[in-house]
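Hello,

Here is the structure we talked about. Please look through it first, then read the notes below.

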Amino acid sequence: MKKLFLLLMALFTLAQVKAQEKSVIQISTDNTDLILQVAPNGRLYQAYLGDKLLNEQDIKHFSPYVKGGSDGSVSTRGWEVYPGSGAEDYFEPAVAITHSDGNPSTILRYVSSEQKAVTGGTETIINLKDDQYPVEVTLHYIAYPKENVIKTWSEIKHNEKKPVTLWRYASTMLYFSDSKYFLTEFSSDWAKEAQMSSQQLQFGKKVIDTKLGSRAAMHTHPFFELGFGQSAQETQGRVMLGTIGWTGNFQFTFEVDNVGNLRVIPAINPYASDYELKANEVFTTPEFMFTFSNNGTGEASRNLHAWARNYQLKDGQGDRLSLLNNWENTYFKFDEQLLSELMKEAKHLGVDMFLLDDGWFGNKHPRNSDNAGLGDWEAMKSKLPGGIPALVKSAKEAGVKFGIWIEPEMVNPKSELFEKHPDWAITLPNRKTYYYRNQLVLDLSNPKVQDFVFGVVDNILTENPEVAYFKWDCNSPITNVYSPYLKNKQGQLYIDHVRGIYNVLKRVKEKYPNTPMMLCSGGGARCDYEALKYFTEFWCSDNTDPIERLFIQWGFSQIFPSKAMSAHVTSWNKKTSVKFRTDVASMCKLGFDLGLKELNADELTYCQNAVANWTRLKKVILDGDQYRLVSPYDGNHMSVMYTAPDKNKAVLYTYDIHPRYAEKLLPVKLQGLDPSKRYKVKEINLMPNKKSNLGANEKTYSGDYLMKIGINAFTTNQAFSRVIELTAE
Ligand code: DGJ
């Protein structure tokens, strides 16, 4: 009897070991391991998230259960990968469901998992299931080894007889144990996007969220940085960068628990969004992307830049067009004649395209200011009798491409669209309407509205296949939050509205895969990696004061490659030179938004030369590795450089902002060069007849020297800039 018992025990232990062996799931990049483990209770826990482990055998040392538990007893509590509400975890859940019988608990157990190769990496798919309710969750992780990025999202579905209510639906949950955690967040508003600030996370929750619905990232952006042990630094220390791909209300929760562990929960904001999920309907969460570095945010940003260009950004590998925009030059005041003049100016400047902005449409309610016409997407006959075809023709004659502005998700009440379809706008039936910029948001949860919005692009391109570019704007948050279409399911509005936008964007991309588009939202209030699957670039800010732009571009560059960031030379801050303004815009996707008549002969020659240089060097600027050398947050200067992957070419930008009189100037130490190569240094983008006063100009240095000793490029001049080309000999 005793023997039989021992044998059974041995078999049982063996089976457990086997089950546990199989139940370790390793999600790996070249530098990071995320190890998940199925515990004997059948639930899935995060066993490890950190630097890649060198020895597979070490995995057996992990335990899935409690980390630093205070009661000392053996507990089934741990870092559950996708914890449900109503169980023994007393902190924020990943998923919360009120089942059709009113029960609020969900406990998910591991069912199966698989790994398969996908473009750029390996996808891990894990199936979980509740054993009391027919609820299933599928976790997805794609690990991109080279770029050291992991992208993760989840799917929730059920097969209960009646719909269930979902009230938490995280993309994922990640846990950390460290001495201290520091969060860098990116606050924002019109004309002051991507402002960085850091703080230590203490016990309790820090939540970053938005409730704007549309123009959703106006007050804060959907990304963050974490510093472990110290605040996130540029070139040293362990950091994580995270970003959620959701063009609506998002929420990041950072919760430090009773034992000092941190959980990070990226999600759609559940605010006013109890979601009624029908049987077999799949609720897919947004994708969350994250990367780590032990060498600070510079390297982590380069991970994301490379990943975005390789796998996420629309036409991430492709070329980008320089352009001349007319918005700040003409505002709503233009006609066919003036536009054809501006197209000639675009050609004269040397840019690829002329971009016509707001004000070209509306007949019964002409769009001569921002209070009428949105929704009526026919060319305004009084201004443009020949319509878009005449403009395309003029652009062709001038020798530039033609792009056009639209804001198809919005409607002015003064429009034929609103007269015909008042129920297509999101607006409360029983209260005084509140208008933001005199407009309302169209209800994209309604499939008919989706067809209409798709039609705005489709009609323009059907009539004018040569239209080469769209600037897609979005100027209003959702106001008067009520969908006439969703009726008694208002909890779905914020989520289904965003999904409706994606339905439209998918159709646009399927039908017009090669048409570049700029994502714009009253400046940079839309900047996320889901939208950027459909857009080649985004507009960082209406604030084009070059001093402010140094900060704004520094902020966005933490997450996005320069290729995705549009920057224009305008008349903001005329106290700075045209050269300074142009040099700042030249670090990103270059455009102009001013009349050439504003420029004197030297300035015009300078701009033509700068456009030519940018075009010649754009492979390095847009596709090279970015090194942020000197932060504008640290004082009176700023410097950034880009290096070609083969390290044969680099472009260095240096800016003096407001230096003090006779302040001590330090050389700029370069990064990312080949120490053994020799580089010729040449200052470019000089004003006509101006010689470079850079000591290093036209000299040759080793990469080693340039990185250890650097170049004396800074000055004590106010708002002074240099662009320096480095060429390996
Ligand atoms: C807001 C954008 O940010 C501007 O660039 C411009 O396109 C205006 N909208 C037009 O209304």
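**Strand 8 and its partners**

Strand 8 and strand 20 (residues 287–293) run antiparallel and are joined by four bridges. Within this pair, Thr152 has Phe288 of strand 20 as its bridge partner. Keep in mind that this is a predicted model.

Strand 8 also pairs with strand 19 (residues 283–284), again antiparallel, through two bridges. With strand 7 (residues 135–144), strand 8 forms ten bridges in the antiparallel sense. Tyr144 stands opposite Val149 of strand 8. Four residues lie between the two strands of this hairpin, and Asn148 has a positive phi near 55°.

An open sheet is made of three strands in the order 4-9-18, with antiparallel pairing. From one strand to the next, the twist averages 35°. Strand 4 is joined to strand 9 (residues 164–169) by four bridges, and Ile97 stands opposite Leu166 in strand 9.

**Helix 4**

Helix 4 (residues 336–349) has 14 residues and spans 20 Å from its first C-alpha to its last, close to the 20 Å expected. Its buried residues include Leu339, Leu342, Met343 and Ala346. Gly350, with a positive phi near 100°, follows helix 4.

Regards

Definitions and conventions
Residues are numbered from 1 along each chain as its sequence is written. This is a predicted model: local features need pLDDT of at least 70, side-chain atom pairs count only at pLDDT 80 or more; totals for chains, interfaces and linings use all residues. Side-chain values use heavy atoms; hydrogens and water are left out. The expected span of a helix is 1.5 Å times one less than its number of residues. Buried means under 20% relative accessible area, exposed over 50%, partly exposed in between (1.4 Å probe, protein chains only). Two strands pair if DSSP finds at least two bridges between them. Axes are lines fitted to C-alpha atoms, for helices over the stretch in contact, and angles run from 0 to 180 degrees between N-to-C directions.
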